[in-house]
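Hi everyone, thanks for coming. Let me put the structure up, and then I'll walk you through a few spots in it.

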Amino acid sequence: MNAKRRSKLLVKDIVYIGMFTALQCIISGFSIPIGPISITLATFGLYIFSSLFPLRISFSIVILYILLGICGLPVFSNFQGGFSVILGVTGGYIIGYIPMVLIIGGLREIVKDRKKLYPLIMILATLVLYVVGSLHFFFVNNQATSLVRIIEICVLPFIPLDLLKIFISSVISSRLKPMVEKSLSL
């Protein structure tokens, strides 16, 4: 019975990973170009699935999403794909999704009162994303851009919508969480 239960949970994990990777691939391509970096729904998806699922599932989703994009599927912003996107100005943000998911998923498993702390955890993860993405942008531009200009390009335009995405995903996550936990425990 224990072996059956483990395989059943594994099948559920694979189903969730497949479904949410597909969803992430779909929503991430839609973007609003506002300069060299676009506003996308990618972080919105990351906020939700990192809050809903155990770290092993969230991490698998983001890794699979990035690998699909690197292989050439048009899943990154503006429906781009390929390794050249990772090497370009937005590549640091895509790579930054990994620590972002690790922070949200890791703290989600440690913190008891998650509902109230979801927004703070997501803000912390977003700050790490800004740092990773901005550093990559700095190096891709051969360090020719000042720190102030990088913040103006890579951080400030994104703060209002990221805060809105954090608020909405916190509400959605806190409402869906009991159903997902029940589903995972079956």
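So, which residues form one aromatic cluster here? They're Tyr 16, Phe 20 and Phe 53. And before I go on, keep in mind that what you're looking at is a predicted model.

Let's stay with the rings for a bit. If you search the whole structure, you find six aromatic pairs. Take Phe 30 and Phe 79: the ring centres are 5.1 Å apart and the planes sit at 85°, so that pair is edge-to-face. Phe 30 is in the loop between helix H1 (2-29) and strand S1 (31-33), and Phe 79 is in the loop between H3 and H4, so this pair ties together parts that are 49 residues apart in sequence. Phe 79 is partly exposed, by the way, with a relative accessibility of 43%.

Another pair is Tyr 65 with Tyr 97, and that one is tilted, with 6.3 Å from centre to centre and 35° between the planes. Tyr 65 belongs to helix H3 and Tyr 97 to helix H5, so here the pair ties together parts that are 32 residues apart in sequence. Buried or exposed, what about Tyr 65? Buried, at 1% relative accessible area. Tyr 97 counts as buried too, at 7%.

H3, residues 55-70, packs with H5 at an angle of about 170°, and the axes are 9 Å apart. Anything over 145 counts as roughly antiparallel, so that's what H3 is to H5. Tyr 65 and Tyr 97 both take part in this contact, and so do others, including Phe 59 and Val 62 of H3 and Ile 94 and Val 101 of H5. Sort the contact residues by class and you get eleven nonpolar, three polar and one charged.

Next, have a look at H2 (residues 42-52) and H8 (residues 159-185). Their axes come within 8 Å and cross at roughly 30°, so these two are roughly parallel to each other. The crossing of H2 past H8 is right-handed. Among the residues making the contact are Phe 44 and Tyr 47 from H2, plus Ile 168 and Leu 176 from H8. By class, this contact has nine nonpolar, four polar and three charged residues.

Last stop: where is Thr 90? You'll find Thr 90 in the loop between helix H4 (83-87) and helix H5 (91-110). Thr 90 is buried, at 14% relative accessible area. Leaving out residues up to four places away in sequence, Thr 90 touches Pro 36, Ile 37 and Val 85.

How values were computed: Residues numbered from 1 in each chain as written. Predicted model: local features only at pLDDT ≥ 70, side-chain atom pairs only at ≥ 80, totals over all residues. Heavy atoms only, no water. Helix = DSSP H or I, 4+ residues; strand = E, 2+ residues; numbered from the N terminus. Buried < 20%, exposed > 50% of the residue type's maximum accessible area, 1.4 Å probe, protein only. Contact = heavy atoms within 4.5 Å. Axes fitted to C-alpha atoms, helices over the stretch in contact; angles between N-to-C directions. Parallel < 35°, antiparallel > 145°, perpendicular 65-115°, else oblique. Left-handed = near helix turned anticlockwise from the far one by under 90°. Nonpolar A, V, L, I, M, F, W, Y, C, P; charged D, E, K, R; others polar. Phe/Tyr/Trp six-rings, centres within 6.5 Å; stacked < 30°, edge-to-face > 60°.
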